[in-house]
Amino acid sequence: MIKNLEFFIAFRFTKYRLIRTLIIVFAIAVGIAVQFFVAIIIDSTQANLIKRTLGLSPHITIKPYDNEKINDKIKNPENILKNIDNNFDVNNFKKVIYLVEGSVKAYNFKNKNDLNVRFVGIENVIGEDFYGISENLIKGNDLIKNPQEVIIGNNIYEKLGLDIGDTISLKKNTNKDEYEGFRVIGIFKSGNQVLDNYVFGERAKVQDFLGYKRDEYSSLYFQIYNVFDSDKIKKILEQNFNFPYELSEWKESNKQLLNGLSAQSQSSFFIQFFILISIGISILSILNMKVVEKYKEIGVLKAIGMNNSNISKIFIYMSFIIGFLGVFIGIVFTFLILSLFINLTKNEQGVPLFNLVIKTEYFILSMLFNLFVVIFAGYISSRKAIKYEPSKIIIGN
Amino acid sequence: MKKIIEVKNLVKIYHDKVDTLALNDISFDLEEGKVYAIYGQSGSGKTTLLNILGGLDSPTSGKVIVDGEDISKLNYKELALFRNKKIGFIFQFHYLISEFTILENILMPFFIGKDKADYEIIKNKAIELAKITDIEDVLYKYPDYVAGGQRQRAAICRALINDPKIVLADEPTGNLDSKNTEIIVNLFLKINKLKNTTFVIVTHNEKISNYCSKRIELKDGKIEKIT
């Protein structure tokens, strides 16, 4: 017994001239695969770019104004956080650190090499490992156990020729030639030129070394979950913010990056949009062909009791079957192309050049939207089908 | 005898580039359980009349009452239901759907009607009809693989599967040779006797019209005579 006659008829009609139907399904699948591939690659490129640019940087910063003489250091940062908490729950930040830092000259007295570096001390307030040291450690370990231990960036390691266990000497910012030696316990490589020139020390030691008191810091750094919300969150933070410090967010100083990302997103949107239109037109054209081919059958089905709504359903089901197959095979194609792409873009060590980012919600929405376009194309075709009058077919023959 | 179809002052005008008067004030009654021929030359209006009787076309004016129901008052959905339940159509060409087996084609009006009848009973009925029409052997074949006469007999089974009160046949033997023509006409008469179904057969073949209990002759959209 047939449970859903319209679906049953649609299925049989779809099977009619199967090769041609399969070619259209294939064309839709390729379209879907290109659409998803473009989306994944652009999303991944953006995510990788954002991670590389902003992953190890503050998204929102509080620091003294450039020309400030009296308040040239952040004092009692807890008060600032408490103030911020009035407008924005600080637990909504991904990471927060108090940072003390300064430019110093570093020496390796064994080989007489020297280099300008930044000596940095961190107090983790929310989250851990703001600068991703553990993740990027190439030698030694990342746990500073005493004030005379430091972790250095790859640039210092290379230029000063320092290794684990060696002593790095930092010159104090006094008029005298005063140096203090620190034992290198870890080396990290972030790929970021600025970061790879950092010397991370124990926070209290860095404060002492740079002439900061215990409750004094250079800056407060904040990372948020969605980097694009930085301007909105900054605006919220500004309400009731009554400290003599500068509040800034990453977008202000990265206009070009932002424009690039936005241009990329727009071009991705347009590519996807036009692919979707071509999918819709493919479905529409094959269904229109089916409607023309099947006009006698439609006429007879009407003569023996089908109404317009039944006829519409047949064509909507047909488009759904073709569209569903197209989307399904398209997803399989997408993953095949992606695995091929990943294999082709591996570096010498066999590590992919970037991580793929697949946004599940986007794909579900996109698939639903694709199916909507497909069903809409079916609906348009069905409008043509329901106009066939059985009496005309009978008279015509 | 009960009137199964009443036609009152039926007029049909086709509005195209020029208006064509296809049926000109026709009135007649048909009784249940008889076999009628609507006889006339090409262009006499006989197919137009058949289409209106079967609810496939609407009259310009006049009334058509089928089994006590004025079909000119039915909306599109009601007309579809009316065609499904009360009328069996047989066309000059069989119009079986190639993608379905002969059995599925025969059962199609039942599937469309979404009746709650037991499928096995209906299937047995279809097989019974196939036995009467001698197409039992081809029930599970597709229409493209059976002979022309067998297809037309399958179309007859399809017309009868919902036990319609009336079967409307438009030149049902137009595409068949004389041997198959005789088989089909004899089948109509057999089913008429078995099930008391009223047959209205449009034909321009005098020999076929002579088999029928009554003959309505049309000429230029008017009834010339009823014999």
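Reader: Let's start with strand β3 of chain A. How many bridges join it to β11 of chain A, and do they run parallel or antiparallel?

Author: In this predicted model, β3 (residues 95-108) and β11 (residues 219-223) of chain A run antiparallel and are joined by 5 bridges. One pair to look at is Leu99(A), whose bridge partner in β11(A) is Ser219(A).

Reader: OK, and how many bridges join β3(A) to β4 of chain A?

Author: There are 13 bridges between β3(A) and β4(A), which covers residues 113-126, and these strands run antiparallel. Ser103(A), for instance, has Arg118(A) as its bridge partner in β4(A).

Reader: What do β3(A) and β4(A) form, and which residue in the turn has a positive phi?

Author: They form a hairpin with 4 residues between the two strands. Lys112(A) sits in that turn, with a positive phi of about 65°.

Reader: And β7 of chain A, how many bridges does β3(A) have with that one?

Author: β3(A) pairs with β7(A), residues 167-171, over 2 bridges in the antiparallel sense. In β7(A), Ser169(A) is the bridge partner of Tyr107(A).

Reader: Zooming out a bit, what does the domain assignment give for chain A?

Author: Chain A gets domain 1, made of 5-52 + 257-396, and domain 2, made of 72-243. The C-alpha centres of these domains of chain A lie 52 Å apart.

Reader: Helices next. At what angle do α2 and α11 of chain A pack?

Author: α2(A), residues 18-54, packs against α11(A), residues 308-344, at about 50°, and the axes are 7 Å apart. The two helices are therefore oblique to each other. As for handedness, α2(A) passes α11(A) in a right-handed crossing.

Reader: Which residues make the contact?

Author: From α2(A) the contact includes Ile24(A), Ile28(A), Ala29(A), Phe36(A) and Phe37(A). On the α11(A) side, the residues include Gly323(A), Gly326(A), Gly330(A), Phe333(A) and Ile337(A). By class, this contact of α2(A) with α11(A) has 17 nonpolar, 5 polar and no charged residues.

Reader: Now the two chains together. How many residues does the contact take from chain A and from chain B?

Author: Chain A gives 21 residues and chain B gives 25 residues. On the side of chain A that touches chain B, the elements giving two or more residues are α1 (5-15), α10 (295-303) and α13 (390-396) of chain A. That side of chain A has 12 nonpolar, 5 polar and 4 charged residues.

Reader: Let's move to chain B. In what order do the 6 strands of its open sheet come?

Author: The order is β6-β7-β8-β3-β9-β10 in chain B, with mixed pairing. β6 (87-90) and β10 (222-226) of chain B are at the edges with a single partner strand each, so one side of each has no neighbour in the sheet. From one strand to the next, the twist averages 20°.

Reader: How do β6(B) and β7(B) pair?

Author: They pair in the parallel sense over 4 bridges, with β7(B) covering residues 166-170. Ile87(B) has Ile166(B) as its bridge partner in β7(B).

Reader: Which strands does helix α1 of chain B lie across?

Author: α1(B), residues 46-53, lies across β3 (35-40), β7, β8 (198-203) and β9 (214-219) of chain B. It runs at about 150° to β8(B).

Reader: What about the open sheet of 4 strands in chain B, what's its order?

Author: That sheet goes β2-β1-β4-β5 in chain B, and its pairing is antiparallel. β2 (19-31) and β5 (69-70) of chain B stand at the edges with a single partner strand each, so one side of each is left without a neighbour in the sheet. α1(B) packs on this sheet too, touching β1, β2 and β4 of chain B, and its direction makes about 120° with that of β1(B).

Reader: How many bridges join β1(B) to β4(B)?

Author: 5 bridges join β1(B), residues 3-15, to β4(B), residues 61-66, and the strands run antiparallel. Lys8(B) stands opposite Lys63(B) in β4(B).

Reader: Last one: at what angle do α3 and α4 of chain B pack?

Author: α3(B), residues 102-113, and α4(B), residues 119-132, pack at about 125° with their axes 10 Å apart. They are therefore oblique to each other, and α3(B) passes α4(B) in a right-handed crossing. Leu103(B), Ile106(B), Leu107(B) and Phe110(B) of α3(B) meet Ile122(B), Ala126(B) and Leu129(B) of α4(B). The residues of that contact divide into 7 nonpolar, no polar and no charged.

Definitions and conventions:
Residues are numbered from 1 along each chain as its sequence is written. Chains are lettered from A and ligands numbered from 1 in the order in which they are written. This is a predicted model: local features need pLDDT of at least 70, side-chain atom pairs count only at pLDDT 80 or more; totals for chains, interfaces and linings use all residues. Two strands pair if DSSP finds at least two bridges between them. Axes are lines fitted to C-alpha atoms, for helices over the stretch in contact, and angles run from 0 to 180 degrees between N-to-C directions. Two residues are in contact if their C-beta atoms, placed from the backbone, lie within 7 Å. Angles under 35 degrees count as roughly parallel, over 145 as roughly antiparallel, 65 to 115 as roughly perpendicular and the rest as oblique. A crossing is left-handed if the near helix is turned anticlockwise from the far one by less than a right angle, and right-handed if clockwise. Ala, Val, Leu, Ile, Met, Phe, Trp, Tyr, Cys and Pro count as nonpolar, Asp, Glu, Lys and Arg as charged, and the others, Gly among them, as polar. Domain bounds come from an automatic or database domain assignment.
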